[in-house]
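Try each task before you read its solution.

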Amino acid sequence: MTTTLEDEFDEIEKIITQMEEDGVPLEKSFELYEQGMKKLKSANDKIANVEKKVAELTEDGSLEDIEE
């Protein structure tokens, strides 16, 4: 199942909440950190993909891909 950008941010927020809890063992903190970084990379990849698809409205009203 493909996750949305919103899903990625929700998961990151949950991970941060877990990391902020009192008494989280160091090992668990590292595990949560690793999960968070993977989610963050995935979110960044999704953002980059969307940026590539951004289109420019031309004078005649049609959409045209932005050239890099």
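**Exercise 1. Find what covers the buried residues of α2, and list buried residues of this helix.**

Start with the cover: α1 (5–20) is among the elements that cover the buried residues of α2. Contact here means heavy atoms within 4.5 Å, and helices are DSSP runs (H or I, at least four residues) numbered from the N terminus. Next, the residues themselves: Ser29, Leu32, Gly36 and Ala43 are buried in α2. Buried means under 20% relative accessible area, exposed over 50%, and partly exposed in between (1.4 Å probe, protein chains only).

A word on the model before you go on: it is predicted, so local features need pLDDT of at least 70 and side-chain atom pairs count only at pLDDT 80 or more, while totals for chains, interfaces and linings use all residues. Residues are numbered from 1 along each chain as its sequence is written, and side-chain values use heavy atoms, with hydrogens and water left out.

**Exercise 2. Is Ser29 buried or exposed, and which residues is Ser29 in contact with beyond its neighbours within four places in sequence?**

First, locate Ser29 in helix α2. Its relative accessible area is 18%, so Ser29 counts as buried. Then set aside the neighbours within four places in sequence: Ser29 is in contact with Met19 and Val24.

**Exercise 3. Find the salt bridge of Lys46 and say where its two residues lie.**

A salt bridge is a side-chain nitrogen of Lys or Arg within 4 Å of a carboxyl oxygen of Asp or Glu. By this rule there are five salt bridges. In one of them, the side chain of Lys46 meets that of Glu8 at 3.4 Å, N to O. This pair links distant parts of the chain, with Lys46 in helix α2 and Glu8 in helix α1, 38 residues apart. Now compare the cover: Lys46 is partly exposed at 23% relative accessible area, whereas Glu8 is buried at 4%.

**Exercise 4. Why are Glu34 and Lys38 separated by about one helical turn?**

Begin with the general rule: an α-helix has 3.6 residues a turn, so residues three or four places apart point the same way. Glu34 and Lys38 are separated by about one turn because they are four residues apart in helix α2. Their side chains meet in a salt bridge of 3.8 Å, N to O. Finally, check accessibility: Glu34 is partly exposed at 47%, and Lys38 is exposed at 57%.
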